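Have the structure open as you read.

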Amino acid sequence: MTFTLSSHNVIQYLRKLGVCSLEDNVAVEELPVTSGKNVNLLVTTFQEYRPGENTAKHVLLVKQEKNISARGIPQEFFQEWLFSQMLQKFPVLGNIAEIASLVVHFDEENSILVRNYLGEYLELGKFYQTYNIYPCEIAAAIGTSLGVLHRATFNRREYRDFIAAAPQGQFRYQFYNPAQGIESISPDTFGEIASEALQFYILYQRYESVEAAIAKLATLWEPCCLTHNDLKLENILVHSRWNQLDNCLVRLIDWEACAWGEPAFDLGTVVASYLRMWLESLVRDPAMELEESLQLAAVPLETLQPSILALVQAYLVAFPMILEYRRDLIEQVVQFAGLVLLHQMQQSIQYRKHFDNSSICIFQVAKALLTNSQESISTVLGISKSQLLGETFTNFANKQNLVRLYQSKTYLRGC
Ligand SMILES: Nc1ncnc2c1ncn2[C@@H]1O[C@H](COP(=O)(O)OP(=O)(O)O)[C@@H](O)[C@H]1O
Ligand SMILES: [Mg+2]
C-alpha cells in the first residue's frame, strides 16, 4: 500500500526526510490541479528570527502522482529525477541556468517529487493574461534556452544513453515519435463525447491531407538531442522583474516528459502556445467567415508575431548548425505547431467536452499549418523563410560568436 500524500501529512513527511526541521513553522497550500494527474502541495517553511517575527525560509513544491498503484512504477517522475541527475553529472548542462534542476528529493516507491519553488517567477501564460504585453525579450530568452539545450546535447551519445536509462526492474520503451495522428473514436469513447464534439472527428477524417501530412512528418522523425517535450506556457516561468534582468528571464520546469527527441517538436510546441493565445481570443459567431473571425481576435496575430519571430530567430542564433542537418526545420516547426493544436483540441474534448465554433477555426488553422507549411511560415512569423534566414544570419554574422552555453549568474541590470 503506497503512502498517500495530503496537506495533513506532508509536514511530517518532509520532517522525516530532514528537509524541514521541528523548529520550523510551516504553511501548506494545495495548488489547483493543472494536468489532473498530480497532487501539488506548496510548503513554506518559516524561521523565527526575532520573537514573534517570521521570515520565509524555503518554499517547496511537493508533487505526488495520483493513482500510482494502478500503473505500476510511474516513469514520469523518474524521468524528471533522471534529468536532475544528468545535470549533476554533466556540468555543461547543469550550468544552463534556465533549465537548472530544482529537484530536492525523489521517492520512487511512493512517486513523490520534492522541488524548490521559485517564488520570484510566475507562469508565462498568467503573465501574458495579466499584463497583456508580449515583450520580444521573453520569447527570445525561451528560444535561446531551447537552442542551447538542443545544441549542447545534439548527437552526443553519452547524453542519449543517460536519459534512456529505465527505472529499476522496468523496460525502457523505444523513443517516442511525437508525430502521431488523432486516434479514431472507439465505441467506448463514443458515448463519453458531447455530440457537437463529434464534429472534430468528422472534420479530421474528412481531410485525408491532414493525416497524410502527419504520416510524412512521422517518417522524418530523427531523435537527436535532449528535448523537454511539454513546453506549454504553464511549464515556462518568467521572472517578475524580467525587464530588469540581463539573463535568466525564464525557467523551463516540469521535465516529466523529457527524452531523447525531436528538436522541431519542442520549438513547434512553443509556437503552438503563442498561436493558441490568438485562436482562443477569437470572436465566436457562426454567421462570420473564418477570415473575419480570425481578424477580430482580441489578441491579434500581429501582436504575437514579433514574439514568435524572436523565439525562432533566437533559437537559430543559438543553434545555427541545426539547419545543416535539417533544411526543412522551419517547415517542420510550423507543422508540429499545427499538430500540437490538434492534440490539445482532442484533449480538451476528452476532459472538458468542449467543441464550438471557435474550435472549428482552430481546426482550420491547424490543418493549414500541417498541409501547407511553406505558406504558413509567413502567416505565423510575419516574414518568409528566406527573409527569416537572411535577417537572422546577417545579425548573427555581426555578432560573430555563438551564444555561450551558459551564463554563470543572474544579475540585475546596472548592478
Ligand atoms: N519551481 C517552481 N516555481 C514556481 N512555480 C512552480 C514551480 N514548479 C511548479 N510551479 C507551478 O506549479 C504548476 C504545476 O507544476 P508542474 O511541475 O508543472 O506540475 P504538473 O505536472 O502538475 O503540470 C506549474 O505550472 C507552475 O505554475
Ligand atoms: Mg506542468
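Let's start where two helices meet: Ala139, Ile142, Leu146 and His150 in H6 touch Pro263, Asp266, Leu267, Val270 and Tyr274 in H11, with contact meaning heavy atoms within 4.5 Å. By class, the contact of H6 with H11 has seven nonpolar, one polar and one charged residues. Here Ala, Val, Leu, Ile, Met, Phe, Trp, Tyr, Cys and Pro count as nonpolar, Asp, Glu, Lys and Arg as charged, and the others, Gly among them, as polar.

A word on the ground rules. This is a predicted model, where local features need pLDDT of at least 70 and side-chain atom pairs count only at pLDDT 80 or more, while totals for chains, interfaces and linings use all residues. Residues are numbered from 1 along each chain as its sequence is written, chains are lettered from A and ligands numbered from 1 in the order in which they are written, and side-chain values use heavy atoms, leaving out hydrogens and water. Helices are DSSP runs (H or I, at least four residues), numbered from the N terminus.

Here are two helix pairs. Axes are lines fitted to C-alpha atoms, for helices over the stretch in contact, and angles run from 0 to 180 degrees between N-to-C directions.

| Helix pair | Angle | Axis distance |
|---|---|---|
| H6 (residues 136–153) and H11 (residues 263–279) | about 165° | 10 Å apart |
| H13 (residues 301–318) and H17 (residues 373–381) | roughly 110° | within 7 Å |

H13 is therefore roughly perpendicular to H17, a label for angles of 65 to 115 degrees. On the H13 side, the contact uses Leu301, Gln305, Ile308, Leu309 and Val312, and on the H17 side Ser378, Thr379, Val380 and Leu381. That contact has six nonpolar, three polar and no charged residues.

Now for serine 281, which sits in the loop between H11 and helix H12 (290–295). Is serine 281 buried or exposed? Serine 281 counts as buried because its relative accessible area is 14% (buried means under 20%, exposed over 50%, partly exposed in between, with a 1.4 Å probe and protein chains only). A polar atom of its side chain lies 3.5 Å from the backbone oxygen of methionine 277. Setting aside neighbours within four places in sequence, serine 281 is in contact with Ala297, Ala298 and Val299.

Last up is leucine 17, found in helix H1 (residues 10–17). With 33% relative accessibility, leucine 17 is partly exposed. Its C-alpha atom is 8.7 Å from that of histidine 105, 88 residues apart along the chain.

How values were computed:
A polar contact is a pair of N or O atoms within 3.5 Å; within protein, one must be able to donate a hydrogen and the other to accept it, and residues adjacent in sequence count only if both atoms are side-chain atoms. Angles under 35 degrees count as roughly parallel, over 145 as roughly antiparallel, 65 to 115 as roughly perpendicular and the rest as oblique.
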